[in-house]
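Hi,

Here is the structure I said I would pass on. Have a look at it first, and then read my notes below.

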Amino acid sequence: MATKTNDDADSKMTAVQKAARLLQAIASAEEPKSLADLAEQAEMPKPSVHRLLLQLEDVGFVQRDLSGRGYTVGASWLRLSVDALVAQARQPIVRGIMQKLVDRVKESCNLSVLQNHEVLYLERVECDWPLRMQLQSGSRVPIHATASGKLLIAQMSEKNRRALLNSIHREKFTDTTIVDLDEMEEECRLIRKNDLSMNKEEYHRGLIGVSVPLRRSDNTVIATLSIHAPSFRMSVETALSYAPLLKESAKEIVAELGL
């Protein structure tokens, strides 16, 4: 009976609608899903799902995991997703929200996502201080030594986080850089508890930062909003005091991005 219902629903959907439903099922999964799991979650017959997966795999929108039985997000889809976020992040109204934040805290601000084991700056607004760390949009920074990177990996399952951290070179940039996996687990626990992340001179000596999440309507963290400054100009306590303002700006950006 369930198969018949799925067949009936399948016949009423366009090819684009079927692909969109399947991609959503893949994107929402914490781990690669099998053909049977995807068919059940997308409420589509297995033959239809198998045919779509082959087509999506051919264009790089999905890929199989190492076992060959699970499906996950492909490289082409990742590039398209980031390109779409970049295009939206650079809209004048989003940059205007970030500029308003910079005007209030007097320090640089950036909007970031996780891509290819690094943090990618989608957009950045610089402060007016002559002494500042200058990074342009499109710059990449390490995930384990930045406030935004730690916040993003804190949202993963412990299994996926450890796999990711084990796949990169965890360089110890300063004496406060966290490279031990157990220590990073504790850091991630605190990040989830406080819903923000701090960089206490972990990437560059004398530079601190604070980062807050941008959450989609389903509460999924898809990006971060951060400020950073030289420690002689902004203390950790002062940086933390800006967290409510950062979260307010993050909500405004999420609304403008239609998330």
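**Starting with F61**

F61 counts as partly exposed, because its relative accessibility is 22% and buried would mean under 20%. Before going further, bear in mind that this is a predicted model.

F61 sits in the loop that links α4 (46-58) to β1 (62-64). What does F61 touch once residues up to four places away in sequence are set aside? The list is L23, L56, T72, V73, G74, S76, W77 and L80. Take L23 from that list: 38 residues separate it from F61 along the chain, yet the C-alpha atoms of the two are 8.4 Å apart.

**The sheet**

Now for the strands. Six of them make an open sheet, ordered β5-β4-β3-β8-β7-β6, with antiparallel pairing. The edges are β5 (140-142) and β6 (197-200), each of which pairs on one side only. From one strand to the next, the twist averages 30 degrees.

Which strands does α6 lie across? They are β3, β4 and β8, and α6 runs at about 80 degrees to β4. Another helix, α11, also packs on the sheet: it touches β3, β7 and β8, and its direction makes about 40 degrees with that of β7.

**The cores**

The largest nonpolar core has 33 residues, and those with the most contacts inside it are M98, L101, L214, L225, I227 and I253. At least two residues of this core come from each of α6 (92-105), β3 (108-115), β4 (118-125), β7 (207-215), β8 (221-230) and α11 (243-257). Which element supplies the largest share? That is α11, with seven residues.

Leaving out its neighbours within four places in sequence, I227 is in contact with L101, V105, S108, C109, I208, G209, V210, M234, Y242 and L246.

Apart from this core lies another one, of 19 residues, which includes V119, V141, A145 and L165.

Cheers

Methods. Residues are numbered from 1 along each chain as its sequence is written. This is a predicted model: local features need pLDDT of at least 70, side-chain atom pairs count only at pLDDT 80 or more; totals for chains, interfaces and linings use all residues. Side-chain values use heavy atoms; hydrogens and water are left out. A nonpolar core is a set of buried Ala, Val, Leu, Ile, Met, Phe, Trp, Tyr and Cys residues joined through side-chain atoms within 4.5 Å. Buried means under 20% relative accessible area, exposed over 50%, partly exposed in between (1.4 Å probe, protein chains only). Helices (H or I, at least four residues) and strands (E, at least two) are DSSP runs, numbered from the N terminus. Contact means heavy atoms within 4.5 Å. Two strands pair if DSSP finds at least two bridges between them. Axes are lines fitted to C-alpha atoms, for helices over the stretch in contact, and angles run from 0 to 180 degrees between N-to-C directions.
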